[in-house]
Amino acid sequence: MPASLKYFILRSINAVIVLFIVVLIIAFLYSDMADRMAEGRIADEVRAYAGGLPTELTQEQRSQLIREERARLEEIHGLHDPFYEKVFRRTWDTFTFRLGESNSRTYYGASDARVTTIIQHYLPRTILLFTTAAVISILLGIGMGLKAAQVAGTKVDKALSIFGILTASLPMWWVGMLVILIFAFSLGWFPAASYPFPTETGYEYYKGVLIRMAMPLATIVFVSVGGRAWATRNMVTSILQDDYIMAARAKGIPERKVIYGHTLKTAAPPIVTSAILSFLLSIGGAMITEVIFNWPGMGYLLRTAIFAESDMPVIMGIVYITTLLWVVGYLLADMLYGFLDPRVEVGAEKKV
Amino acid sequence: MSIRIDDIKERALSMMKEFKGQRMGMIGFSIIIFLLAISLLSPWLAPDTDGQWANPGRWEDNPRSAAPNWADYILPGTRAPHDIREDYDELDRTFMTIKYVYENEYDYPPSDITVFVSGTSSESRIRLYIDLIRPDGENILFVDESVSITNGTFSYRFSLRSSAGRDRSYDFGLNAHRDFFPDDLTPPDRESVNIQMVPFAKLNENILLDPESLKGTYTLEVEAVGIDEYDDEGTRVLFRGMKYGLMGTDSNRKNLALGWVHGAKYALIIGGIVSLSSISIALLYGMTSAYYGGWVDEIMQRANEILLGIPIFPILVITMYAIGRSIWILVLIYVILGWRGLAKIIRARGIQIRQDTYVEAAQSLGSSGGRVITRHMIPQLLPYAIAEGALMIPMVVIAEAGLSVLGLADPTVVTWGRMLSEANQYHATISGLWWWILLPGLGLTLLGFGFITTGMALERVVNPKMRQR
Amino acid sequence: MPKSIVKARNLKKEFIIVQSFIDKIQRKPPLKVRAVDGIDFDIYDKKSMALVGESGCGKTTVGKLIMKLIDTTSGKLEVKGHNITKLDDPRKLKAYRRTAQMIYQDPFSSLDPRFKVFDILEEPLLIHGIGSSMKERRKMIDKALEEVRLTPPEEFIDRYPHMLSGGQRQRIAIARCLILNPDFIVADEPVSMLDVSVRAEVLNLMKDLIDKIDLTYLYITHDISTTRFFTDHIGVMYLGDIVEQGPTGQVLDNPLHPYTQALLTAVPEPEPDRLDRIKEIPIKGEIPSGTNVPGGCRFHTRCPYAKVICKKKVPKNKQPGKQGHLAKCHFAGEIEFKVKVKKLADDGKVAGEEIIKFSKITESEE
Ligand SMILES: Nc1ncnc2c1ncn2[C@@H]1O[C@H](COP(=O)(O)OP(=O)(O)OP(=O)(O)O)[C@@H](O)[C@H]1O
Ligand code: SF4
Ligand SMILES: [Mg+2]
C-alpha cells in the first residue's frame, strides 16, 4: 500500500472517531435534557387532566385514573426506554441529519420548523463571510510574511512582528465591538447591524450585502492577518538558515529567487496547513463576531437560540454541523499537508 | 534520586538573570504581577461585588452610563462628577424648606437628580413641593403632591428620570422652544429629545434638539407643608454624575472598576487551573510516551491524535448549555482536553533528550531510570512546558468571554466576558458607551499580551537556539 | 597467560526495527539488523584491545553490550568472571557500572548542557554514594581534574560545557569515568570528533593513564594507525563479525584476512601529524545492509579472491601463523594477498568502481 493511501485512511478513521465521540456526547446530553423536559410536560398534562375529571368520582377512582393517564403519557414519550437505547437512537438520528424540529414558533425566518431547514437558511451566510475572510487573510498574510522575511531584521519587519503578537492576543469579536464603536457610532460610515438582510433584488441586493459585510470582514482579516504573516515569516526565516539555502545564496542566486524559488518549496506545506488549521480554530471566535455585528449566520442563530428561545434542538443541530465542518476541514488540512509534503510518515519514528 | 534544593535555586536564578534581559518579557511579566496583586486584594478593593453583580439594590446610588473620571482629560468638555448630599445646605424652619445648592460648571451637567425625603408629621397628609431654581432665575416645579402619612412618618423618592420628572422637563423645554418657534406645529417629540439635559440647558433655540449646558448656581428646594421634622438619615439628594470612578458605570449603574477587579481574579483562576493541570498532565503523558517508547508510545500517540481532532468550541457550547452555565464546567472541559497539544510537543522534546548521549552516559554511570528523569529530563522539559502553558491562559479566558457573549455566562461570578456580554446585550456599541467595551476588553488584551510575551521570553531562555534569531 | 577481564563467546545482538502500525496489522515480518553476529574474543587484564572497522559494522554495539546499556540477544558475555547477560538486579547492575565506564565519541552531546563541570563530576559520586561531604567530593573532583590535566581545577569547576573546547570536554568526560576508579573503559572513537590538533594530546593522556592507574581499554576506532600506539590486541570487524584478531603488531604487519589487507593498503604508515589524509579502501561494491548479511563468507560480495566455496561455507577461525592470531577466511595464510591487492590498486582496476571511504573523520572534513 502506498504511504499516501495509508496516511489518507488513517486520517479518515481518526476523523470518524472524533465525529463519533462528539455525536455521542451530544446524544447523551440531549437525551438527558429531553427526559427532563418531557417530565415537566407530563406533569402539566396530568394536572390538566385531573382538573377535567368529573367531580362525582371517589378519591380512589380519581387517583387510579390519574395514575393510568400518567403511565400512558410516559409510554408515549418513551420515558421508560433504557437510557442507552435513547442515546443510541439519538446518535443515529444525528448522524443521519434527522435533527428534529425547533421549539420556537418563529423558525428564525426560515420556511419551516425543521432544524435542517433553519440551518440551511443561516449556514450559507456564515460560509460567505468566513471563507471570504479566510481567503483574503491567508493570501495577504502569506504575502506580508514573505516580504517581511526578505527584509528580516529591519524596522518594517520588527513592526510587523509586534503587530502580529499584539493582534494574536486580541479576541476577534472584541475588536469587532471597537470597530462598530468607531466606524458606525463615531464616524457613521457603516450600518451598525447587518440585520435585517437586504430585501431588494439584483444589484441593490449585492450592494446591501457588501455594505453589511464590510465591517465584520475587515475585523476578521485585521485580527488574523498579523499572526498569519508573522508565522509565515518565522517559518521562512528558519528555513533560510538551512545549509542548502546558505549554499544557494553563496552561489550568488538573488535573494528574491532564494525566497520564492528555493525556500517556498520547503515552507509551503507547513505554511498552508497552519493557515488552514488556525482558521478552523478561529471558528468559535468568528461565530461570536457574527453576534456582535448581528450578521445573520450560524453564530447569530446560536445566540438567538440560546438567549431568546432556549431552543435545544437548534442548538444541538448547530453544534453537530459545526463539528462536522471542523472535522472535514481538519481532515482536508491533513490531506493537503500529506499531498504537499510527500515525506510525511505514519506511525512511530523508525529507528534505524 | 533527589533533586538538590540549591541546585534548583541556582538554575532558577540563572534563568531569571537571562529572563531579565528580555525587555518585552519583563513588561509582560510586570503586567501579570499587577493582575495577580489586584486579584489577591480583590476582597478589599472591591467588596460585595461577586454575588451582588446582578442585584440592582447594590448599585442604586451610582449614576447610569457614566464615563470614567479621566474621560475629561482625553475627550472634549467637562463632565459633572457624582455628587451625593447627605446634608442639606440650608433649613428654613418657618416653611420647613430645605435647600441644596449645586454649582454647575460643567459642559455635561448631572445626568439625574434623585431626591429622597423622609420625616415625621402628626397630620394625616402633608403637601410636598420640589423645585429647581436655575441661575437664569427660571424655576421648574417638579413635584406638587399630597403625601399620606402612616404611623407618623413618610418617605418619598423623586428622580428626574421618573415619568413625572421627564414630563416636567419636557414641558419646560417645550415652552422655551415655543418662544423661539411659535409656529412650529410639530415640535420634536419626547423620545427624540435629550431630556436629561433640559433642566440644565440654556434657554435658546436648541434646547430640545441640541441643548447646551447653562453654567452657574442651581438651588434645589424641597418644601413639605405640615411636616414636624425632616429625618436626617432618610433625606438626601444625589446629583448623579456624568463621570464616575476609575472605569465608569454601565447602563445598570454597576461600577465597572469593581467588576474589573473580580474579572482579573477569575481570569487568573480559570487560566491558572487550566494551565497548571495541562502542564502536569502533558508532562506526565508526554514523558511516559517518550520514555517508554515502543507500543506504549504508539498507543498514546494515536489516542492523542484523536483528542487533537476534537473541536473544543462546540463541546463547550453543548456542555455549558446542557449541564450548566458555570465557569467550572468550562474549566473541566479544558482540563480534559487542554493538554493534548502540549503533550505532543513534550513527547517530541523528550525523545530528543532521550536520544542525547548524555542520557545514555548517565545510565552508564549507574543512574536509575527515575534519576535520569528527575535530573536530566524534567529540568529541561519543565521550563519549556511552563512557557507553553503560559500561552494557554489567555486562550481559556478569551473562550470564557466568548461563551458569555453567546449567552452562556456564569451568573454567579463577574468576569470580563460577562461584562462584555452585558455591553453587547445593552447595545453599548451603538450608544457610544466606549468605556464599557474598552476596559474589560483591555483586561483580556493585557492578560493575553502579558502571558504571550512572558511565554515567548521564557521559551527563548529555555531554548537557546531561538535566542540567536 | 594473564587472566581475561572480558570474555565473549558467540555473542549476538539483533535490533528489531520498529514497525509502523499498518505494517503490524498487515503482519509483515519484523526487519532485523544483525548488528553483532556471533563474535568471540577475550580482553586480558591490562592488555587493551582495539576494535576497528567501517562505519556501521557494529563496533559501538559491542561496546554497549559490554556496558550492559543494551541487552544481548544470545551468547555469553563474562566480565571479570560474572555473566553479565544475566545481570538484571538493579543493585548489582549499579555495582557493575562502577567498575566499567564508557567514553563517548561526541563530547558535545555526552555532557548535559545544563550541568556545570562540578555537577557533571559530582553526579557519579552521588549516584554511588561516594564521599560523605561536599568537601570530600570536591577533593575527589579536583584530583580527577588534575589527572586529566585540567589545572588549576578552580578555573574549570564552574564552567558549563559550552564554555569548554572540544578537547577540554572530552577530558571532562574522561575525568567523569576516572572518578569512579574503574578497571575497564570502553572508549568509543574518543578523538574522532575532535580537532586534529588536539587528538594526539587526548590519546597521549589516555595512554598515560594506562601506565599510571592500570586501566584496560576497549578502544573503538576507524583509525587503524592509532591502534599500534596503545593497544596490545586488535579485532577487525566486518558486518557484525570479527574477521581477524590477534596481537596488534602481528595483525598490522602480517594481515591474514583480505578485508584487513584492504584496510591496511589504504592506510599510510602512522604519521601522527598526517592523520587527516584521505584514506580509501580499494575494494569494490558497497557494504551490504545489516538486515541482509550475505551467506557463506560475509565478505564474499566484495572480496577480490572469492571462490565458489566462499559463497557456500561460513569460514571458521583459522590460525595459520602465530599463537592467538586468528582469521575467518578459507584461505587464510594460503595466499600472498599483499602483492595482489597492491597490484589491483596499482593498475587502476578499481578506479571506475565505487570506492568506499571508511573514515568518518575524512568524511566530515571533506
Ligand atoms: N537502536 C538501534 N536500532 C536499530 N538498529 C541499530 C540500533 N543501533 C545500531 N543499529 C544498527 O546496528 C548496526 C551497527 O551499529 P553500530 O552503531 O554498532 O556501528 P558502528 O560500527 O559503531 O558504526 P560507527 O562507526 O558509525 O559508529 C548499524 O547497521 C546500525 O544501523
Ligand atoms: S573466505 Fe573467501 S570471500 Fe571470504 S575473505 Fe576469504 S577469500 Fe574472501
Ligand atoms: Mg559507533
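Start by selecting chain B and chain C together: three salt bridges are counted between them, a salt bridge being a side-chain nitrogen of Lys or Arg within 4 Å of a carboxyl oxygen of Asp or Glu. For one of them, pick Glu360(B) and Lys64(C), whose closest N and O atoms are 3.2 Å apart.

Before going further, please keep in mind that this is a predicted model, in which local features need pLDDT of at least 70 and side-chain atom pairs count only at pLDDT 80 or more, while totals for chains, interfaces and linings use all residues. Residues are numbered from 1 along each chain as its sequence is written, chains are lettered from A and ligands numbered from 1 in the order in which they are written, and side-chain values use heavy atoms, with hydrogens and water left out.

**Stop 1: chain B against chain C**

Stay with this pair and display the polar contacts. There are 11 residue pairs in polar contact between chain B and chain C, both residues at pLDDT 80 or more. A polar contact is a pair of N or O atoms within 3.5 Å; within protein, one must be able to donate a hydrogen and the other to accept it, and residues adjacent in sequence count only if both atoms are side-chain atoms.

Now colour the helices on the chain B side. At least two residues each come from helix H1 (5–20), helix H7 (294–308), helix H11 (357–364) and helix H12 (369–390) of chain B; helices here are DSSP runs (H or I, at least four residues), and strands (E, at least two) likewise, numbered from the N terminus. H11(B) gives the largest share, six residues. By class, the chain B side that touches chain C has four nonpolar, seven polar and 10 charged residues. In this scheme Ala, Val, Leu, Ile, Met, Phe, Trp, Tyr, Cys and Pro count as nonpolar, Asp, Glu, Lys and Arg as charged, and the others, Gly among them, as polar.

Together, chain B and chain C bury about 2,400 Å², 50% of it on carbon and sulfur atoms. Buried area is the accessible area (1.4 Å probe) that two parts lose on being put together, summed over both. Select Glu360(B), Ser364(B) and Leu365(B) next: they supply 26% of the area that chain B buries against chain C, more than any other three residues.

**Stop 2: chain A against chain B**

Switch to chain A and chain B, where 53 residues of chain A are in contact with 51 residues of chain B, contact meaning heavy atoms within 4.5 Å. This pair buries about 4,500 Å², 76% of it on carbon and sulfur atoms. On the chain A side, highlight Trp174(A), Met177(A) and Ile306(A), which lose the most area to chain B, together 12% of what that side buries.

The rule finds one salt bridge across this interface. Select Glu305(B) and Arg11(A) to see a salt bridge with the closest N and O atoms 3.6 Å apart. The chain A side that touches chain B divides into 37 nonpolar, 10 polar and six charged residues.

**Stop 3: helix H10 of chain A**

Select residues 283–293 of chain A, which form helix H10. Because 10 of the 11 residues of H10(A) are buried, this helix is largely enclosed by the rest of the structure; buried means under 20% relative accessible area, exposed over 50%, and partly exposed in between (1.4 Å probe, protein chains only). Among the buried residues are Ile283(A), Met287(A) and Phe293(A). Step just past the helix to Asn294(A), which takes a positive phi of about 55 degrees.

**Stop 4: ligand 2 in chain C**

Zoom to ligand 2. Its surrounding residues include His257(C), Cys297(C), His300(C), Cys303(C), Cys310(C), Cys329(C) and His330(C), where a residue counts if one of its heavy atoms lies within 4 Å. The shell has seven nonpolar, three polar and no charged residues. Pro258(C) is also in that shell, and Pro258(C) is one of the buried residues of H11(C). Seven of the eight residues of that helix (258–265) are buried.

**Stop 5: a loop in chain C**

Finish in the loop between helix H5 (134–147) and helix H6 (153–157) of chain C, where Pro152(C) sits. A cis peptide bond joins Thr151(C) to Pro152(C), with omega about -5 degrees. Pro152(C) is partly exposed, at 38% relative accessibility. Arg149(C) is in the loop between H5 and H6 too, and has a positive phi of about 60 degrees although it is not a glycine.
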